[in-house]
Amino acid sequence: MSGMSGTALAGARERRVSTGGIELCVVELGDPERPTVLLVHGYPDSKEVWSEVAEQLAARFHVVLYDVRGHGRSSAPVPLRGGFTLEKLTDDFLAVADAVSPDRPVHLVGHDWGSVQGWEFATVARTEGRIASFTSMSGPSLDHFGHWIKKRMTRPTPRRAAQLLNQGAKSWYVGMLHTPVLPELAWRGPLGKRWPRILARLEEVPAGSAYPTASLPSDAAHGAWLYRDNVRPRLRRPRADAYAHVPVQLITPTGDAFLSERLYDELERWAPELVRRTLPAKHWIPRTRPDQVAAWISEFVTTREEPTAKAPQQKAPGKYADRFSGQLVLVTGAASGIGRATAFAFAEAGARVVAVDRDGEGAARTAEMARLVGAADAWGECVDVSDEQAMEKLAAKVAAEYGIVDVLVNNAGIGLSGPFLETSSEDWKKVLDVNLWGVVHGCRIFGKQMAERGQGGHIVNTASAAAYLPSRTLPAYSTSKAAVLMLSECLRAELASKSIGVSAICPGIVNTNITATSRFAGVDAAEEKRRQERSSRLYGLRNFPPEKVADAILLAVVKNRAVVPVTPESKGALWMSRFMPNTLRRIARLEPRL
Amino acid sequence: MAGDTDTGERAAHGSARLSAELRGFREVQRLAYECAETVAAQLRPGVTEREAARMQREWLRERGVRDWFHLPFAWFGDRTAFTGFRIPLQFFPTNRKLEPGMPFILDMAPVYRGYAADIGYSGSLGLNPVQDRLMSDLRPHRALILEQVRERRPLREIYENVERLMTRQGYANRHRAYPFGVIAHKIDRVKERRWSPTAFGFGTQSLKGLASDALHGHREGWSPLWSPYHFSDHPPQPGLWAVEPHLGFRGTGAKFEEILVVTDSRDPEESAFWLDDDLPHVRRWTEEKAA
């Protein structure tokens with residue numbers, strides 16, 4: 001073993017492992033006493049694709065990476081043809097595993113072709129007892145893929161035919177790689193030169209100095225044999241016994257240009273102990289989402305290493321647990337109503353929740369209950385969203401103690417009702433401070449952190465049906481919410497390039513305590529109290545639960561929706577505002593009696 | 001059927017013969033809770049709601065119960081929070097099977113020697129931290145209801161205050177799912193007949209009593225149903241009320257149900273009191289406090 005490192009992996013210990021006439025370049029990070037996590041790269045890559053993930057994992061695990069034969073600083077088989085079969089790649093894996101962790105099974109992680117290999121390792125008998133877990137990213141088992149295609153070819157229902165065509169269109173490059181010589185010429189020529197720029201533009205992989213490495217043209221030229229040696233034989237005659245003998249974590253990027261999500265339907269059949277994770281990202285997640293990838297690997301490995309530790313997939317059975325597990329979600333106005341229900345919904349999906357409210361006691365209660373229903377962790381914070389400095393402080397604290405927020409829900413809001421001419425500027429200030437400035441502060445401060453991290457995220461702003469529904473009773477409130485709606489739309493345009501989604505939620509009449517705390521301008525205290533009670537009762541009769549709004553919020557994040565009206569009246573109003581605005585204007589003149 | 005105001009006077013004055021009547025109610029309430037605890041202890045994974053309801057029915061029949069205010073109910077899993085309930089028929093026991101960790105609620109209202117009780121018992125098969133928490137959080141509701149009834153606040157207002165407390169706690173008010181959204185209803189003596197049929201799960205004799213109360217109440221401006229609606233906008237009517245606050249939290253529900261005695265006494269202590277303080281949920285809170 002030598003201490004030299006010619007890679008982007010700082011502090012890595014390098015060694016060479018020989019197997020079947022090949023010299024593999026293997027590097028190690030972290031304490032060798034800890035559980036071993038073995039990272040296998042894909043095509044056209046070398047082990048450096050893992051540099052950021054490996055660094056994060058090294059703090060907790062013994063991290064091992066190697067260049068697949070013919071890639072990076074490993075030697076290539078001679079002749080190339082027949083030198084890249086999955087059987088030979090399995091020999092390589094076993095040799096590396098025996099060298100770096102002779103006594104304990106390793107936790108295998110694969111991306112792209114590394115994952116295709118990983119599936120082979122995890123499903124053949126001779127590796128049994130050498131693998132503790134397998135995390136798969138963007139690389140299906142060729143055998144499972146073969147069965148998937150067969151099933152759709154033999155009984156092509158319209159849906160199955162569509163799935164087949166869809167994946168076929170995504171696999172165009174596989175055919176190209178089967179042509180002789182041309183791929184090699186392209187990679188060693190213009191394609192190899194342009195590849196970093198193509199990655200940056202199409203795949204949004206941040207351009208860095210250490211990745212892709214200088215060996216890319218030869219990696220890609222050699223790696224074409226991965227396809228030529230394996231794809232046709234395996235797809236034609238897939239193994240019937242390709243069952244995983246280890247727990248599998250499947251991380252699926254939803255924006256993958258090469259693999260359809262449908263490939264993993266019914267995967268439970270092949271991998272009985274399957275945990276699914278979903279990520280809104282493109283193919284190269286080890287480069288574009290290293291934090292999330294490292295977090296999920298850590299969590300999965302830790303759970304397998306310490307069976308007594310709470311198994312998160314069992315703890316959080318909620319919908320979308322695949323998407324939000326372990327993510328950091330911050331909800332403002334979380335001591336009651338929609339905010340609280342939203343915090344609980346994210347908690348059920350296994351997220352880490354920061355519940356923010358100016359009612360500190362209520363926020364703490366929300367956090368406590370969130371932990372009870374499955375939140376990986378939860379904290380209550382007492383902050384007034386209209387106070388810019390307090391928000392700055394909160395953001396600094398959250399970033400330092402819990403991390404960068406993945407999903408921000410700007411939900412805090414207050415009600416104000418009454419005719420415009422009787423609304424004082426004080427009242428205006430109060431409602432704008434919370435409803436608009438609260439959202440502005442949230443988006444500005446936390447959105448900035450998200451953008452600087454550069455690994456995506458999502459912002460949800462709670463607007464209201466009042467944003468597009470004119471009325472003579474809610475001029476100030478409607479104005480503030482209309483501003484929130486437009487702010488969300490503009491922000492969505494601006495942040496799209498940073499993979500940060502922005503959604504505006506527009507609930508109608510929802511049974512929350514906003515009515516009980518609303519200000520009614522232009523009436524005395526007793527009348528205000530009466531109207532608060534009266535409107536609370538009416539909202540209670542309508543009885544639309546905030547939980548349904550929370551569900552809509554989660555769905556909006558998952559689907560990255562721009563404007564989401566919730567409740568039938570809100571949907572109806574949105575439709576009318578588009579197609580029959582004059583009718584809405586006429587209705588707005590009516591004065592409802594309270 | 002005993003007059004309501006009578007019951008009040010009897011309790012207030014505490015004459016031997018009359019408190020014997022309260023003893024009758026207490027006896028049947030205890031019997032029902034004993035049934036609930038016995039059946040709960042016998043629940044195993046795979047038992048269905050129908051089977052659990054039949055176990056309650058048979059246990060009580062063996063001990064001399066012949067008539068019902070309503071037949072026993074059993075709710076398992078998210079049915080404890082009445083998830084997705086739209087019509088009253090959904091309250092009836094189904095073939096849902098109990099699984100480890102699942103919450104359940106047993107609810108029965110037997111008539112024994114002419115006295116009726118209506119109880120609700122919440123539990124879970126093995127550990128269920130959420131329901132455990134719900135049960136602990138029911139405690140302030142019992143105190144709040146008693147306190148505000150003693151203050152003679154309108155029932156509708158008390159209903160709203162209970163609901164407000166639930167909201168503050170982070171829970172949904174699930175008794176709103178009951179017919180008329182009631183948190184409580186009056187309960188009374190029932191004439192013993194040789195034949196006591198039920199209709200839609202309710203004993204016809206008891207329904208008759210409730211209907212007659214409703215008629216009297218309608219003339220006098222009160223209602224035997226304690227609801228969030230206008231007809232409950234009156235001070236507590238003396239008599240026996242089966243009170244059943246029901247909390248729901250994301251697919252888990254918990255409730256207790258027991259008899260609250262309301263009298264027309266001027267002494268606040270005597271004007272309203274829980275019929276029995278030696279009930280499973282109350283004992284549980286006492287233990288929690290001691291711990």
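Me: What share of the contacts in chain A with a separation of 6 or more comes from residues 24 or more positions apart?
Reply: Two residues are in contact if their C-beta atoms, placed from the backbone, lie within 7 Å, and among the contacts in chain A with a separation of 6 or more, 75% join residues 24 or more positions apart. This is a predicted model, in which local features need pLDDT of at least 70 and side-chain atom pairs count only at pLDDT 80 or more, while totals for chains, interfaces and linings use all residues. Residues are numbered from 1 along each chain as its sequence is written, and chains are lettered from A and ligands numbered from 1 in the order in which they are written.

Me: Why is chain A called as compact as a globular protein of its length?
Reply: The radius of gyration, taken over C-alpha atoms, is set against the globule rule, 2.2 Å times the number of residues to the power 0.38. For 594 residues that rule gives 25 Å, and chain A has 27 Å, which is close, so chain A is as compact as a globular protein of that length. Its C-alpha trace spans about 90 × 50 × 40 Å along the principal axes.

Me: What makes a residue of chain A count as buried, and what percentage of the chain is buried?
Reply: A residue is buried if 20 or more other C-beta atoms, placed from the backbone, lie within 10 Å of its own, exposed if 12 or fewer do, and partly exposed in between; by that test, buried residues make up 51% of the 594 in chain A.

Me: Which ranges make up the domains of chain A, and how many residues of each take part in their contact?
Reply: An automatic or database domain assignment supplies the bounds, giving domain 1 (13-309) and domain 2 (321-587) of chain A. Their contact takes 14 residues from domain 1 of chain A and nine residues from domain 2 of chain A. On the domain 1 side, α11(A) gives the most, with five residues; helices (H or I, at least four residues) and strands (E, at least two) are DSSP runs, numbered from the N terminus.

Me: What makes up the side of chain A that touches chain B?
Reply: Eleven residues of chain A are in contact with seven residues of chain B. The largest share of the chain A side, four residues, comes from α15(A). That side has five nonpolar (Ala, Val, Leu, Ile, Met, Phe, Trp, Tyr, Cys and Pro), three polar (the others, Gly among them) and three charged (Asp, Glu, Lys and Arg) residues.
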